[in-house]
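Here are my notes on the model you sent over. Have it open beside you while you go through the points.

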Amino acid sequence: MDLVTQPGDDDGGIPHGALLAHLCDAVAGKDAETMTNVREQVLATMGPDRLVDAVGVTAMFHMMNRVANGTGTPLDPVMLKVAPAVAASIDAAGYLSTADTPMGLSAADTPQL
Amino acid sequence: MSARPVVFDEPYRWANTLRMQAELYDTTLPLRAEILASHRAAAEHWSSPGTWWTASERVAVVNEVRAAWDAAPLPPWTAPSTVDGLVSEDHPLPAAAVDMIWRLTNHLTTLTHDWYRSYVPALLTPQHYVELVGVVAQVTLVDRFADGLGIERISLPDPQPGEPSREQPAGAEATTHWVPTAPIVDGSWNPATAADVPNVRKALSLVAAERIMQWVLIDAHYVPGGALAGDLATGHWSLERSQIELLGARTSAVNECFY
């Protein structure tokens, strides 16, 4: 989960994982120079089709994140069992949006951070 | 005129794709026909009368999202409508809408139920709020796409005349979300439990036109709705599934979206 929380140089077993994570950060940021540099790296490394689709996916999640956070969308029941472990692995305990999903688990079920 | 996203039911042909691309974006990058069609639909949608906001107001929302994103940083607790000279006195949108747009655009990690309640229902009805969330979110997708590729953001058609439809879905109530949601039956998600759609799919159900537009954009950029519950090993478009999910997870972590 390091790629998700602290992208570095490790691809994490995902083709071009590190570069894609940095692309996400660039799209989310407002530094034009950083965006240009990362975009050119993705273009050179992965090609134009993958650049377009990768930017499309991260842009789509910007939409979904605003819909979810803006409406107080809670997790679906099917997600609840794994939610504490996932939250722990991505350091999500501090997200304000976790308040939308009361998980109501006992201390025995909650992974120790 | 009611606001309905354009429905595409014809096969995408290469010439049509090139024509759409030339109309919408000045780039030689290979933009898929699905993406182009969805962006054209979105631009027309924003420029049309909405369910609760007029077309002119909706275009103003688009412009305000862009103004917010491009502005010098403002702390989340500072409402732009309170900053001298930042919002014009004859702005087509009420101050509450402008402030909400800036917060959702730039500081979505800071949103809380108390924040929502500070706006709804005293300053904005739930319906007006949900439509704003929908449009802000859609604009954010389309503009992050353009900015990410280094191409000019899409231009909008002139706002269309007509009144908002004021369509209200049956059975809407605030149970799971902050906002009221309405029942949805959608077999494309999971035919076995068509009424048990994911919460994120219900989020904009108070304003059906925005929910539908949201899903048009999802289908073009991500994985068509029904495939979300299916095979997680198969790639989609030009990317492997693992790459797609990494992009989603990292973006959501940056935006602190737990869902």
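1. Start with how chain A folds over distance: of its contacts with a separation of 6 or more, 40% link residues 24 or more positions apart. Two residues count as being in contact if their C-beta atoms, placed from the backbone, lie within 7 Å.

2. A word on what you're looking at. This is a predicted model, in which local features need pLDDT of at least 70, side-chain atom pairs count only at pLDDT 80 or more, and totals for chains, interfaces and linings use all residues. Residues are numbered from 1 along each chain as its sequence is written, while chains are lettered from A and ligands numbered from 1 in the order in which they are written.

3. On confidence, the model has ipTM 0.90 and pTM 0.90. Chain B averages a pLDDT of 89, with 86% of its residues at 70 or more; pLDDT is the predictor's confidence in each residue, from 0 to 100.

4. Chain A has five helices and zero strands, running α-α-α-α-α from the N terminus. Helices (H or I, at least four residues) and strands (E, at least two) are DSSP runs, numbered from the N terminus.

5. Chain A is assigned domain 1 (2-73) and domain 2 (75-113), and such bounds come from an automatic or database domain assignment. Where the two touch, domain 1 of chain A puts in five residues and domain 2 of chain A four.

6. Now the contact between the chains: 52 residues come from chain A and 59 residues from chain B. On the chain A side, α1 (2-5), α2 (17-28), α3 (32-46) and α4 (48-71) each supply at least two residues. The most come from α4(A), with 23 residues.

7. How buried is chain A? Buried residues are 45% of its 113 residues. A residue is buried if 20 or more other C-beta atoms lie within 10 Å of its own, exposed if 12 or fewer, and partly exposed in between, with C-beta atoms placed from the backbone.

8. Which residues touch the most other members of the largest nonpolar core? Of its 94 residues, they are M60(A), I101(B) and V136(B). Domain 1 (2-73) and domain 2 (75-113) of chain A each give this core at least three residues. A nonpolar core here is a set of buried Ala, Val, Leu, Ile, Met, Phe, Trp, Tyr and Cys residues joined through C-beta atoms within 7 Å.

9. Finally, click on V136(B). Leaving aside neighbours within four places in sequence, V136(B) is in contact with R66(A) from chain A, and with V61(B), V65(B), I101(B), L104(B) and T105(B) from chain B.
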